[in-house]
Amino acid sequence: MKVLVKSLLGACALTALSLSAHAETTLTIATVNNSQMIQMQKLTDDFTKANPDIKLNWVTLEENVLRQKVTTDINTKGGQFDITTIGTYEAPIWGKQGKLAPLDNLGADYNLDDMLPSIRSGLTVDGKLYAAPFYGESSFTMYRKDLMEKAGLKMPDAPTWDFIKQAADKMTDKSTGTYGICLRGKAGWGENMAFLTAEANSFGARWFDEKWQPQFNTPEWKKAIEFYVTMMKADGPPGASSNGFTENLTLFNAGKCGIWIDATSAGSLVADPKGSKFADKVGFALAPDNGLGKRGNWLWAWALAVPATSTKIEAAQKFIGWATNEKYLQLVASKDGWANVPPGTRTSLYKNPEYVKAAAFAQSTLDSMNSADPAHPTVKPVPYTGVQFVAIPEFQGIGQAVGTEFSQALAGAETVDAALAAAQASTEATMKKAGYPK
């Protein structure tokens with residue numbers, strides 16, 4: 001009888017060990033519907049084959065929806081996600097608040113020192129990395145060389161806003177559905193306000209003065225928004241107030257836009273003959289300026305982070321280590337070519353002759369990223385950091401409210417003056433409620 005009991009106990013122990021060895025860890029990953037993220041999902045067999053005990057559950061969302069859901073989940077400690085796609089705005093704020101787990105175990109072969117310094121710095125708090133960059137970007141000018149030539153103009157390497165307006169006017173031919181310029185109009189702190197804040201910086205505007213007083217009632221903001229609305233009404237496509245990054249990418253690749261000023265991460269997408277009818281006719285230049293010392297370009301990284309609420313931090317870091325290291329770039333290159341690897345995160349990529357040769361936009365991307373200065377984003381002094389955002393927790397709500405006003409102005413639903421007045425009033429109210437100046 002004792003032998004039988006021992007045998008049964010032994011069998012139970014072996015079964016338990018077997019079940020434990022094959023137990024699956026499911027990681028729920030919230031990400032944005034950008035092409036680079038879709039590409040990552042298609043390549044994850046490489047990860048799951050090496051880690052058969054980890055299953056991936058993807059939640060892929062449009063940019064504004066992703067931000068809303070992830071922010072709600074983080075702030076309520078909902079625990080819906082094990083990995084979230086966040087950016088340079090959220091990472092340091094949530095890291096400092098203890099809402100993210102530090103990424104201190106990305107793998108023995110993970111080369112932190114290869115990260116571009118500006119990108120790593122933006123995701124780090126007190127020496128700890130709280131999000132690993134999947135791709136990094138600034139913004140620059142993309143344009144159709146054939147349309148520019150037809151207009152009798154030559155795009156400078158470093159254009160001014162006046163030149164952009166002149167070129168857009170000459171490129172526009174509404175009878176053929178060709179519009180001189182496509183710019184973001186969809187409301188959102190990371191949609192139209194990413195572009196408009198960077199543009200406003202180059203016009204000498206700023207969100208707040210040194211005492212945290214909102215500045216939308218200044219001549220600089222009025223000039224920046226009037227310039228944008230006037231140019232878009234004259235030379236932009238119909239319905240521009242509903243267009244964000246994705247919509248403008250589609251328009252540009254279909255030949256509807258002569259100039260598009262947006263994220264440098266779009267470089268591979270507009271130069272890819274699989275997605276663009278005019279891939280061989282696209283040129284690249286820096287974002288425009290007004291001669292005041294600041295260009296209208298931003299600095300951003302889409303990065304992967306682990307909420308502190310996750311119970312699967314070890315597995316989550318293992319996935320992030322796979323998705324953001326140098327080997328992943330080589331994997332993408334082997335499948336889709338060097339021009340299509342996620343840009344803007346690693347110094348080594350820009351020293352890789354294969355990449356530089358394949359990616360006509362590589363140097364413009366690096367120059368744009370290096371010229372953005374989050375610590376000194378504006379012409380006049382400011383109390384905040386961040387180029388196309390203000391690195392305070394209240395900015396998400398403020399940016400959304402202001403973005404809605406400016407989108408309405410673009411749509412013609414209100415005047416520029418009314419939009420600026422509303423932006424000033426709502427921002428003043430929010431900042432007063434939040435207790436600024438602190």
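Which residues lie nearest the centre of the second largest pocket? The second largest pocket is lined by 18 residues, and those nearest its centre are Ser-35, Gln-36, Ile-38, Gln-39 and Leu-269. A pocket is here an open set of points on a 1 Å grid over the protein atoms alone, with protein on both sides within 12 Å along at least five of seven lines, and a lining residue has an atom within 4 Å of a point. Two or more lining residues come from each of α2 (35-42), α11 (245-253) and α12 (267-270), with α2 giving the most, five residues. Helices (H or I, at least four residues) and strands (E, at least two) are DSSP runs, numbered from the N terminus.

The model is predicted: local features need a pLDDT of at least 70, side-chain atom pairs count only at pLDDT 80 or more, and totals for chains, interfaces and linings use all residues. Residues are numbered from 1 along each chain as its sequence is written, and side-chain values use heavy atoms, with hydrogens and water left out. The pLDDT, the predictor's confidence in each residue from 0 to 100, averages 93 over the chain, and 95% of the residues score at least 70. A contact means heavy atoms within 4.5 Å. Where pLDDT is low, the predicted coordinates should not be read in detail.

The space in the second largest pocket amounts to about 420 Å³, a volume being the space filled by probe spheres set on grid points that are joined across faces, edges and corners. Its lining has five nonpolar, nine polar and four charged residues. In this division Ala, Val, Leu, Ile, Met, Phe, Trp, Tyr, Cys and Pro count as nonpolar, Asp, Glu, Lys and Arg as charged, and the others, Gly among them, as polar. The largest pocket holds about 500 Å³ of space. Of its 19 lining residues, Thr-88, Pro-92, Ile-93, Thr-385 and Ala-391 lie nearest the centre, and the elements giving two or more residues are α5 and α6 (117-122). By class, this lining is made up of 10 nonpolar, seven polar and two charged residues.

A cavity is a set of grid points where a 1.4 Å probe fits but cannot get out, and three cavities of 30 Å³ or more were counted. The largest cavity has a volume of about 150 Å³. Among the 17 residues lining the largest cavity, Glu-63, Glu-137, Arg-184, Gly-190 and Trp-300 are the closest to its centre. At least two lining residues are supplied by each of α4 (63-76), β6 (132-137) and β11 (300-305). Nine residues of this lining are nonpolar, four are polar and four are charged. The second largest cavity, with a volume of about 40 Å³, has Leu-66, Arg-67, Val-70, Thr-71, Thr-85, Ile-86, Glu-90, Trp-94 and Trp-302 in its lining. Here α4 gives the most, with four residues, while α4, β3 (83-86) and α5 (90-96) each supply at least two.

The largest nonpolar core has 139 residues, of which Trp-207, Trp-221, Ile-259, Phe-319 and Phe-406 touch the most other members. Helix α10 (residues 219-235) gives the most to this core, with eight residues. A nonpolar core is a set of buried Ala, Val, Leu, Ile, Met, Phe, Trp, Tyr and Cys residues joined through side-chain atoms within 4.5 Å. Buried means under 20% relative accessible area, exposed over 50%, and partly exposed in between (1.4 Å probe, protein chains only).

Beyond four places in sequence, the contacts of Trp-221 include Met-193, Trp-207, Gln-215 and Phe-406. Gln-215 is in the loop between α9 (192-202) and α10, and counts as buried because its relative accessibility is 12%. Gly-399, in helix α17 (residues 395-411), is buried, with a relative accessible area of 0%. Its contacts, not counting residues up to four places away in sequence, are Gly-188, Trp-189, Met-193 and Trp-207. The C-alpha atoms of Gly-399 and Trp-189 are 4.3 Å apart, although 210 residues separate the two in sequence. By contrast, Asp-162 in helix α8 (residues 161-171) counts as exposed, at 56% relative accessibility.
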